[in-house]
Amino acid sequence: MSNSLLWYTTRGAGVVSLLLLTGVVVLGVLSVRRFEAAGWPRFLTVGLHRNVSLLALVFLGVHILTAVVDPFTSLGWVPVLIPFGSYYRTFWLGLGTVAFELLLAIVVTSLLRAFIGAWAWRLVHWLAYAAWPIAVLHGIGTGTDAGSFWLLAIQVLCAVAVLAAVALRLLTSSPDPLAADRARFRERVSREP
Amino acid sequence: MTAPTLLGGPAGAESFAEHQRRLGARPLGSPALIEHIERSGLVGRGGASFPAGAKWRAVASGAGPAVVIANGAEGEPLSHKDQVLMATRPHLVIDGAQLAAESVGADRIFLYVGESHRAALAAMASALQQRPAVERARTRLLPAPPTYTAGEETAAVHFVNERVATPTAIPPRPFEAGVDGRPTLVQNVESLAHAALLARNLFPDTVLLTVGGGVARPGVYELHTGGSVGEALGLAGGARTGARAVLLGGYFGGWIDAAAAAGFALDPRRLKAAGGSLGCGVMWVLDPRSDPLLETARVIQHLAEESAAQCGPCFFGLRSLAGAAARLAGGQPERSDLPNLHRWVDMVRGRGACRHPDGAVAFMASALQVFAPEYAAAGRRAL
Amino acid sequence: MAREEIWIDRTKCDGHRLCAELLPELITLDDWGYPIIAAGPVPEHLLEHARRAVAACPVLALRLRTLSQPSPSRN
């Protein structure tokens with residue numbers, strides 16, 4: 001297989017992964033803030049969030065696979081799972097490994113949610129807010145065409161989208177109408193051991 | 001000589017020595033006691049009127065060592081019988097708890113006493129200190145938060161487990177898996193006191209009642225179950241003339257027309273057949289000077305405020321009911337208020353994790369029935 | 001074939017309403033946005049939809065139970 005083809009596939013799959021993962025974060029915030037509109041039911045937001053994340057994993061898989069088999073990079077399989085285990089751009093590539101593993105943890109716990117329970121699932125899911133920026137930094141640090149206009153534009157667009165989503169998450173309150181009263185009552189009936 | 005009763009005997013908190021002198025040492029609990037209780041037909045006095053023997057048997061047949069919780073939380077504002085019982089006859093209650101533990105195979109006992117019932121709490125604490133070492137080692141006094149739902153059996157178990165008195169979803173019920181996942185007997189303190197007498201082959205067949213509202217001498221009274229509501233009211237000096245209705249069973253009970261109520265037998269089974277329920281033994285007479293719609297609105301408001309806010313239909317349903325009831329009582333209802341009361345009673349029933357909303361809507365339904373003319377008149381005032 | 005019913009943990013339900021969207025034949029919403037679940041076994045032809053609705057609940061408040069369960073549940 002041509003070196004350039006592999007390299008471009010790695011780069012392309014990486015960018016697509018970034019776009020999809022950005023979509024996943026936005027959809028995740030829309031889910032927890034219970035977004036719905038005419039013709040856009042709740043299950044659509046939740047379903048898209050799930051399916052887009054699985055699609056992102058596929059592109060991530062292509063991204064990683066083509067990077068590993070590419071004779072030019074001579075990465076080997078170790079850096080796929082061991083962060084900072086490569087000689088090539090050790091730190092920035094390592095970030096990619098970290099982001100990949102965080103994402104894997106999030107997806108696996110989500111698929112097995114019924115078995116691990118809501119609390120454990122939630123705890124791991126919070127890591128999404130760490131995984132995304134780490135992935136972006138990985139992209140910036142390992143890119144050979146970091147100066148390319150299109151790449152920059154995409155990265156800025158994605159950053160704006162995620163910042164907006166995070167702002168929405170932080171600045172609006174939980175739509176759960178019972179949240180405050182439930183906590184207040186629990187306080188009333190809790191005692192020290 | 002009158003048959004021994006729960007409250008009969010010297011006034012004030014009875015000491016262990018006095019208790020032993022009056023009733024003799026307690027026997028040991030055993031599976032035979034469970035059978036004895038089943039045959040006696042003793043029902044729980046916490047409000048649900050569930051056969052006590054069946055409950056003990058269910059816990060006894062569970063796997064592994066069990067746990068007993070003596071439920072003296074008494075979060076019902078109109079009820080004082082448990083407090084009075086614990087304050088004056090704490091050793092009867094503790095006897096019952098020990099007997100229950102020995103009969104169902106429990107190795108731990110919790111005395112769950114409402115923290116705002118200070119006299120009861122003090123009496124139970126001091127009584128526990130007077131007990132033999134083997135009982136003291138396995139028994140612990142645990143003050144309960146003063147909320148309505150703290151006395152609900154899953155809330156009691158939750159509190160023992162995690163010090164948070166909110167009800168939990170079932171299954172599992174406490175008798176299957178409760179404290180530390182073990183079969184747990186949650187039994188009202190009056191029921192346990194009855195068991196303590198039954199174990200000594202004494203069966204007064206009485207019930208404790210809190211009589212209040214429009215009566216001359218409100219208070220806690222003990223009456224033979226063969227008696228009637230009218231007799232019970234008579235013990236309290238009789239209902240005020242012109243009293244329209246009686247609230248039987250407390251906030252989770254229901255209004256009964258006063259004239260009809262007088263003849264009701266106190267026996268739980270016969271009362272149920274007549275459409276009433278003694279519940280936790282509250283008999284609260286609606287004073288003829290009081291407005292039934294206002295009193296009803298007050299009760300439903302209290303029940304709404306006491307919702308644990310875990311289940312939407314309970315929290316919002318009771319609040320909506322309270323709002324509509326208050327507007328109808330206040331004379332400025334909306335057109336949908338009265339129809340909504342009927343609709344919401346059906347909509348809320350059975351849709352909480354515990355029976356708090358069920359009790360509340362049963363109460364509301366009884367008000368809509370007994371005070372139908374008043375509600376109809378109030379509804380017509382809607383703009 | 002074992003008959004199954006939908007069981008809901010009312011203390012977990014936060015009114016996300018995905019279940020009502022995915023199983024409107026059996027689940028409707030009350031005046032406050034919480035699910036009213038039709039009692040009894042799930043009809044054969046709706047079982048797959050019921051499974052999807054149960055899986056979709058963001059707080060895992062729903063479960064499908066076989067009707068032979070001894071302990072009666074509150075719905």
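Does Arg26(B) count as buried or exposed, and what is its relative accessibility? Arg26(B) counts as buried, at 17% relative accessibility, where buried means under 20% relative accessible area, exposed over 50%, and partly exposed in between (1.4 Å probe, protein chains only).

Before going on, note that this is a predicted model, in which local features need pLDDT of at least 70, side-chain atom pairs count only at pLDDT 80 or more, and totals for chains, interfaces and linings use all residues. Residues are numbered from 1 along each chain as its sequence is written, chains are lettered from A and ligands numbered from 1 in the order in which they are written, and side-chain values use heavy atoms, leaving out hydrogens and water.

Now look at the partner of Arg26(B). Glu135(B) forms a salt bridge with Arg26(B), with the closest N and O atoms 2.9 Å apart; a salt bridge is a side-chain nitrogen of Lys or Arg within 4 Å of a carboxyl oxygen of Asp or Glu. Glu135(B) is buried too, at 4% relative accessibility. Both residues belong to a salt-bridge network that also includes Asp95(B), Glu102(B), Arg131(B), Arg138(B) and Arg200(B).

Let's move to the meeting of chains C and B. Here 17 residues of chain C are in contact (heavy atoms within 4.5 Å) with 24 residues of chain B. Two salt bridges cross this interface. The side chains of Arg351(B) and Asp30(C) meet in a salt bridge, 2.8 Å from N to O.

Over all chains, the whole structure holds 34 salt bridges. Another of them joins Asp287(B) and Arg240(B) at 2.7 Å, N to O. Asp287(B) is buried, with a relative accessible area of 10%, whereas Arg240(B) is partly exposed at 36%.
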